[in-house]
Amino acid sequence: MAGFLAQLLSCLGALRYSFFTNINKNKFGYCGKNVTFQAPSVNTKLSNMYIHDNVSIFGYTKFILYEGKFIVKRNCVIAIGLTVITGNHVATVGLPTILQCSMHINDVEKDVIVEESVWIGANVTLLAGVTIGRGAVIGAGSIVNKSIPPYAVAVGVPAKIVKVVFNKDQILKHEETIYKPDERLAENELNSLFEKYYFDKTPYGVDMLSKEQQQLLKSKIEMFL
Ligand SMILES: CC(C)(COP(=O)(O)OP(=O)(O)OC[C@H]1O[C@@H](n2cnc3c(N)ncnc32)[C@H](O)[C@@H]1OP(=O)(O)O)[C@@H](O)C(=O)NCCC(=O)NCCS
């Protein structure tokens, strides 16, 4: 009987963990408007999630956050299977691993930040301390262990820049359309990104919408500005 009860409790606990209370957006440190957050998700600390407006995060996510925060700025899409880990255990002389990890003795915790309008592909892992720059694309299955600059296409394990999302003129046009003047990347910032990372990279995105599409989508686009 006691064995059966223990099994039942453990099943209920697992269900609770994966399908229900973990998706309570009211428990986030911050949750903006129009945030979609799909089940199932395993989450160690909902209060360390800061999710801004118009963000979609698909299911099968794992958030292993202790002290570090997971911050997602507006208008991002994160595909199924994201893992975010904000900490690292640190081996400590004289301390059994099980004790050091379970008690988080000497852990190093760092925030993980996803800037505006990022697209993260399926089954990506973001490790402690990384920032994904605005407008970047992270390829499916990547493990990101270093920060990724704005408008990079980064893929692989560990993630490396393989392309740039747009060429310089396209980025300027894109920013002009979807950001207010004081939010736009300065031209000199953009020049240094291209000098440092993108001088030999092919753009992955496509050019402006047609006049008809622009007209058709105008009001929808304005909703996300
Ligand atoms: C990142 C991505 C958008 C790039 O697309 P693309 O511009 O067509 O890229 P390419 O196929 O030209 O690839 C460029 C290089 O990166 C490699 N690459 C692309 N995606 C990769 C990935 N996810 N992991 C590892 N390498 C990848 C390619 O093999 C190629 O390498 P090579 O030049 O040595 O041959 C796409 O590959 C991807 O991963 N999309 C995510 C899909 C997804 O998860 N969707 C979920 C629904 S929201």
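Modeller: Two strands pair if DSSP finds at least two bridges between them. The model discussed here is a predicted one.

Colleague: What makes β4 and β7 a pair of strands?

Modeller: Strand β4 (residues 49–51) and strand β7 (residues 70–72) are joined by 3 bridges. The cut-off is at least two bridges, so the two strands pair. They run parallel, and Ile51 stands opposite Val72 in β7.

Colleague: Where do β4 and β7 stand in the order of their sheet?

Modeller: The order is β1-β4-β7-β12-β15, an open sheet of 5 strands with parallel pairing. At the edges stand β1 (30–31) and β15 (131–132).

Colleague: Why are β1 and β15 called edge strands?

Modeller: Each has a single partner strand, so one side of each is left without a neighbour in the sheet.

Colleague: Why is Gly59 called buried?

Modeller: The relative accessible area of Gly59 is 1%. Gly59 lies in the loop between β5 (56–57) and β6 (61–64).

Colleague: Which residues is Gly59 in contact with, leaving aside its neighbours within four places in sequence?

Modeller: Those residues are Gln38, Ala39, Pro40, Ile80 and Gly81. As for Ala79, it is 20 residues from Gly59 in sequence, with a C-alpha to C-alpha separation of 7.8 Å. Ala79 is also one of the residues that surround the ligand.

Colleague: How many residues of the shell around the ligand are nonpolar, polar and charged?

Modeller: The shell divides into 9 nonpolar, 2 polar and 1 charged. Among its members are Trp119, Val137 and Tyr204.

Colleague: How do you know that β18 and β19 pair?

Modeller: Strand β18 (residues 152–155) and strand β19 (residues 160–164) are joined by 4 bridges and run antiparallel. At least two bridges are required, so these strands pair. Val155 has Lys160 in β19 as its bridge partner. The hairpin has 4 residues between the strands, and in it Gly156 takes a positive phi near 100°. Each of β18 and β19 supplies at least two residues of the ligand shell.

Methods
Residues numbered from 1 in each chain as written. Predicted model: local features only at pLDDT ≥ 70, side-chain atom pairs only at ≥ 80, totals over all residues. Heavy atoms only, no water. Near = heavy atom within 4 Å. Nonpolar A, V, L, I, M, F, W, Y, C, P; charged D, E, K, R; others polar. Buried < 20%, exposed > 50% of the residue type's maximum accessible area, 1.4 Å probe, protein only. Contact = heavy atoms within 4.5 Å.
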